[in-house]
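Please read the numbered paragraphs alongside the coordinates.

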Amino acid sequence: MKISADALLFDNDGTLVSSLDSVHRCWTRWAEEQGIPAEDFARVELHGRPADDIIADLLPADRAPRARARIDELELEDVPGGVKLLPGTAELLAGLPAARWAVVTSANRPLAEARLAEVAIRPGTLITSDDITRGKPDPEPFLLAAERLGVDPARCVVFEDAPAGLAAGRAAGMRTVALTTTTAREELVADIVVEDLSAVSARLLDGGVEITCRD
């Protein structure tokens, strides 16, 4: 299937890179330090959500600032060796001009930049949780990315592995490509579903890009 677009918007973890082992390692340690019962922690969705939202589900507001500082510390310390490129990422990004793509992540800026630098990804446009007031599944992160790239949201394609991110892309009026890297295919609602970015190729057009997705 082919789609023409003005810009491609990529989630980071689970889409471009994998740091899920690091995420679970750090958050599990954090939860133990905070005295959160294992059954309460197990009920909270970690993937694709801003840290502040996760913390709000688990702790009272007066403990949030210190708890947030601690998870930030743990995750930054775990970046070296804790991030790897997913299949197809390097090849797809190598052929895209900086003005045609962005990374839109629920991580904060220091963590996002550290994870991307670990695998030598250097986006011209990076949207993080520090840039927004409402995280995925709200459309704000993707709409901000389109605004900064100077393109019509309807001419953007979102690449996501998490249901919350796909919901955000749909709410932004964008077409969506889901990756089955972290979530079962039957749980993903998108225009196209692929295994990973190795199933996606891109061809530059005048003022845009055409992607081809193979099942």
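1. The model is predicted: local features need pLDDT of at least 70 and side-chain atom pairs count only at pLDDT 80 or more, whereas totals for chains, interfaces and linings use all residues. Residues are numbered from 1 along each chain as its sequence is written, and side-chain values use heavy atoms, with hydrogens and water left out.

2. Which residue of β11 stands opposite Ala202? Ile211 does, and Ile211 also stands opposite Ile3. Four bridges hold the antiparallel pair β1 and β11, while six bridges join β10 (residues 200-205) to β11 (residues 208-213), again antiparallel. The hairpin formed by β10 and β11 has two residues between the strands, and Gly207 in the turn shows a positive phi of about 75°.

3. A further open sheet has six strands in the order β6-β5-β2-β7-β8-β9, with parallel pairing. Its edge strands, β6 (126-127) and β9 (192-194), each pair on one side only. Within this sheet, β2 (residues 7-10) runs parallel to β5 (residues 101-104) and is joined to it by three bridges; Phe10 has Val103 of β5 as its bridge partner. Helix α8 (residues 163-171) lies across β7 (156-160) and β8 (175-179), and runs at about 170° to β8. In general, strands of a sheet pair through backbone hydrogen bonds, either parallel or antiparallel.

4. The protein is divided into domain 1 (1-16 + 82-211) and domain 2 (19-76), with bounds that come from an automatic or database domain assignment. Their C-alpha centres lie 24 Å apart. In terms of contact (heavy atoms within 4.5 Å), 16 residues of domain 1 meet 13 residues of domain 2. The area buried between the domains is about 1200 Å², with 52% given by carbon and sulfur atoms; buried area is the accessible area (1.4 Å probe) that two parts lose on being put together, summed over both.

5. How many salt bridges are counted between domain 1 and domain 2? The count is one, where a salt bridge is a side-chain nitrogen of Lys or Arg within 4 Å of a carboxyl oxygen of Asp or Glu. Helix α6 (residues 109-118) supplies four residues, the largest share of the side of domain 1 that touches domain 2. Arg115 forms a salt bridge with Glu75, with the closest N and O atoms 3.3 Å apart.

6. The structure holds 17 salt bridges. One of them links the side chains of Arg25 and Asp78, at 2.7 Å from N to O. Because Arg25 lies in helix α1 (residues 20-33) and Asp78 in the loop between α4 (64-77) and β4 (84-85), this pair ties together parts that are 53 residues apart in sequence.

7. Two backbone details deserve a check. Most residues other than glycine have a negative phi, and most peptide bonds are trans. Ala120, in the loop between α6 and β6, has a positive phi, near 60°, in a residue other than glycine. Lys136 and Pro137 are joined by a cis peptide bond with omega of about 15°, and Pro137 is found in the loop between β6 and α7 (140-149).

Methods:
Two strands pair if DSSP finds at least two bridges between them. Axes are lines fitted to C-alpha atoms, for helices over the stretch in contact, and angles run from 0 to 180 degrees between N-to-C directions.
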